[in-house]
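Here is a short briefing for a first look at this structure. Please keep the view open while reading.

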Amino acid sequence: MFKSLSLPEFLAKIDPVKCIKCKRCINNCGWSVYSWGGDKVLIDTFKCVNCLRCYHYCPEEAITILDNPVKYRKNANWGYYNIRNLKKQADTGGIPLTGMGSDMPYPVLFDSLLIDACQVTNPSIDPLREPMELRTYLGKKPAKLEFEKAKGGKSKLKTKMPPQIKLEMPFIFAPMSYGSISLNAQKTLAIAAKELGIVMNTGEGGLHEDIYPYRSNIIVQVASGRFGVNPDYLNAGVAVEIKIGQGAKPGIGGHLPGEKIPLDIAKTRMIPVGTDAISPAPQHDIYSIEDLRQLIYAIKEATNYTKPVSVKIAAVHNVAAIASGIVRAGADIVYIDGFRGGTGAAPSVIRDHLGIPIEHALAAVDERLRQEGIRNEASIIAAGGIRSSADAAKAIALGADAVALGTSALITMGCTVCGKCYTGNCSWGITTQRPELTVRLDPEVYAERLINLIHAWSHELKEILGALGVNAIESLRGSRERLRGVGLDSHTLDILGVKPAGR
Amino acid sequence: MPTTQVEGIAISPLLWRYFVKPLTEKSEREVANLEDDDFVVRTVMKINSEIDGAYVFSSGKNMGAFKGVGNPGEIARFFKIEEYDGYIWTGHTRFPTNTPGWWGGAHPFTLLDWSIVHNGEISSYGINKRYLEMYGYKLTLLTDTEVVTYLFDLLVRRHGLDIETACTALAAPFWKNIDDMPNDEKEEMTALRMIYGSALMNGPFSILFGHSKGLVGFNDRIKLRPLVAATKGKTVYMASEESAIREICSSPEKVWSPRAGEPVIVELEI
Amino acid sequence: MLTIDAKGIYYRDLNQKVREAVSKGEKEILLKNVNGQYYIATGLRNEATITIEGVPGNDLAAFMDGPTLIVKDNAQDNIGNTMNSGKVIIHGNAGDVLGYGMRGGKLHIRGNVGYRVGIHMKGYKKQIPVIIAGGKAGDFFGEYMAGGMLILLGLDSSDKRPLVGDYLGTGMHGGTIFIRGGVDKKFCGAEVSVHELTDDDRTLLEGYLTEYCNDFKLNLLDVIKVEFKKIIPTSLRPYGNLYAY
């Protein structure tokens, strides 16, 4: 009988001449691809996910990971994943799971947008020598500033500013719960956020006591599972986020199986050890927009109106109207997670076929809020496939106040976007709770890499601003005049509010 | 509109001047609940955006705009400028930056009693425009300078900011400097930047903002365009170059260059 | 000596007259009633002294290589742009972006100067460009400075403005700035450091200041009785770590 009728995706190979039998590959592989055969390393290539941990830790460069040359017969209609998933379903009767954002080749509109630059009529600004400001505040802004006469005839600020999240640069780390990622991965995000003057987000898994010291750089999340939520938790960070949906799995919930709930996670989530941590698809106290308002204000009451409340939604077809409702319901921040957004685990049928990309959603939401004259009432965070500072700049020009980085941040920790987060075997110690794997991720060391990334992106953003002849990020925010579309049809251009290149 | 034939100005649009008053009965207006000024602004926007080929150059009670395509001296003669008296004058000649010169696109840009002349380019035009559109302004004149006029109208007339605060919002101090301010001022400036971020005028500019009670000169926050001010007796002069001031006042008592973003606010003595 | 009344003369005609006179060997020229004419002595070579009455326009002495200009009044922007040698003496104030990319020669200004003065000034071989301003300066003084010498004196303290603006020496990677009375570190760019003067610095500085004081009939002792501070770049390659390879 056969092992499986689905083909292995990769072939792990060891050059027997170069191999010194040090067994580092065996120790490093979280998927047990390698084992010791007495005189040589044995390879179970069915298990290989091409995460490259073994490759980087092989001192002799003896390992190569190849795409499996054995393929199903080429067929433009029946592609590899169609056949493989179908066979897996035939094997198990289950729903194929996947991790990270969709890898399907839908067009990425960021790649069809180009940014303006100054030549002569307006000068560019030298970003290295002249001031360039990226500071961003997230939260509700009053429509206007008011003063009142104080004693002695001096005018005094009358406007009370609603609470804001202060970011030194328009980046935040996307919500990723303890459970979906390791505590060390969360610590890495927290250390970097503090050092950079930005924020990370707990996700829905509660707040571990080790993360408490970073509370002024943390958004705490309230999702349908309400894990770890109590008044202390709500007040622990700089803002509270209500999670309605996620770009990778709009409209569905999730569950962290009981076998992945050891003591520490159970404590953080405030549930018994070994029980399933179920996040229902809806929040059962939100069946309407009025209910959302009720929860927003319940949180504002519980935090004495000192924290902005963010509402995170997946980008879906009617996102503009939904976002408008969310703002009218009192949210201070709308977090829009696009179709390509990441996940720790999602059914691939959902991830690859539901929702809309962030570019369309962001453009539609920003424009709708402006048409309704309420754009100042809430900040917009754009997420779901921000791969570079260029993507960030384009998102900001389309109307985002800040962008959220999930996958990009994990890549600095060693992630290769292998998409197997849901297995809990991450060799890099990121999306796993196995202590022998998580110990590999030293938060201090990897935070440095993450800080490097954000510094580099900030420099790049400043270069872009300088080329645009402006020296503050708010002069790019929503400035679609500075974008042009290449090869986009007129409907898409219309939705993006962008002119075609050459016009 | 009284004009005269001038050699060098072969073609001019049909120029009409009306002395009008908003309908006194508000109920007879297209939108009943608007104040006079808002009604005038709305009507100007409507004409500019909806009537093909028609533009309002000037809509003030105590302000006139004379503008066109041609040599400045010719334009002045064309409009018989010598027949007018005024207590504030702004003059401007423009190298059309990004668009061919056209009569509506010449400076000043005016609305009600506000007038703007501008040297430079507003690199933040894209977001300034979208910000203003949220408040019902329609930007139809194909030029960046238009936003300045409307921003002043929004901030000063509709939001009630004093002129100095409005200038500070439009050419705001850097965060670095705000962070060093005493607490009260820091709070005020932080709020100002948060609320008026989309109104921040970025890019190189020096601007003269005239209104019925005074004149304001200011430039961008890193001084990418020049501005010189001078006084003699009770008269104040401002220009991009000192020699321009000397041309009409050969020996001013005081001449200075204002710092970046620091407005020179001149109030009329009544 | 040749005297030209510049009143109402178009800049191109005025500059043509000056160029012709200098090429014919005229050593002394007086320009009267100048007001706003651009490019005076721009690209001009040879030894000649041109005295200017009135306010000359922008780009005075741009690319100039040799002559001496004496401006009796204020002057405007972009003076000494990419100047190679020669000297400009201004008895009044001067504007923004003075001595941009200046490679040699001297710019002596009695009064205040504007923004971005001495920007990207550079020395080359034996050429050391020098700008000395007697009053106060705006922001970005010595921005990207790559060589030469910038000296700011702050002799008149009647107005309340600080002696020198913000972002002093930002991007500086060569040359020296001397500030009479010193400067608060928070106004300095990230790429520079502030130092006490050495004896060699003092000798060098006094040499330059002696000439400056002669030009404006000032007493050197009054000028040097106040302590100077020296600002120099911390690195010749401030952006060596900015890029990834």
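How many residues does the contact take from chain C, and how many from chain B? Chain C gives 13 residues and chain B gives twelve residues. Keep in mind that this is a predicted model.

**Contact of chains C and B**
- The side of chain C that touches chain B has eight polar residues.
- Three charged and two nonpolar residues make up the rest of that side of chain C.

**Helix 7 of chain A**
- Helix 7 of chain A covers residues 289-302, which is 14 residues.
- From first C-alpha to last, helix 7 of chain A reaches 20 Å, close to the 20 Å expected at 1.5 Å a residue.
- L292(A), I296(A) and I299(A) are the buried residues of this helix.
- These three sit on the same side of helix 7 of chain A because they cover an arc of only 65 degrees around the axis.
- On the other side of the helix, E290(A) and E301(A) are exposed.
- The cover over the buried residues includes strand 13 (218-222), strand 14 (239-243) and helix 8 (319-328) of chain A.
- Helix 5 (231-234) and strand 17 (309-314) of chain A are also among the covering elements.
- After helix 7 of chain A comes N304(A), with a positive phi near 55 degrees.

**A sheet in chain A**
- Three strands of chain A form an open sheet in the order 6-22-23, with mixed pairing.
- Strand 6 (113-115) and strand 23 (499-500) of chain A are the edges, and each pairs on one side only.
- Strand 22 (residues 483-485) and strand 23 of chain A run parallel, joined by two bridges.
- Opposite G485(A) stands P500(A), in strand 23 of chain A.

Definitions and conventions. Residues are numbered from 1 along each chain as its sequence is written. Chains are lettered from A and ligands numbered from 1 in the order in which they are written. This is a predicted model: local features need pLDDT of at least 70, side-chain atom pairs count only at pLDDT 80 or more; totals for chains, interfaces and linings use all residues. Two residues are in contact if their C-beta atoms, placed from the backbone, lie within 7 Å. Ala, Val, Leu, Ile, Met, Phe, Trp, Tyr, Cys and Pro count as nonpolar, Asp, Glu, Lys and Arg as charged, and the others, Gly among them, as polar. Two strands pair if DSSP finds at least two bridges between them. Helices (H or I, at least four residues) and strands (E, at least two) are DSSP runs, numbered from the N terminus. The expected span of a helix is 1.5 Å times one less than its number of residues. A residue is buried if 20 or more other C-beta atoms lie within 10 Å of its own, exposed if 12 or fewer, and partly exposed in between; C-beta atoms are placed from the backbone. The arc is that of the directions from the helix axis to the C-beta atoms.
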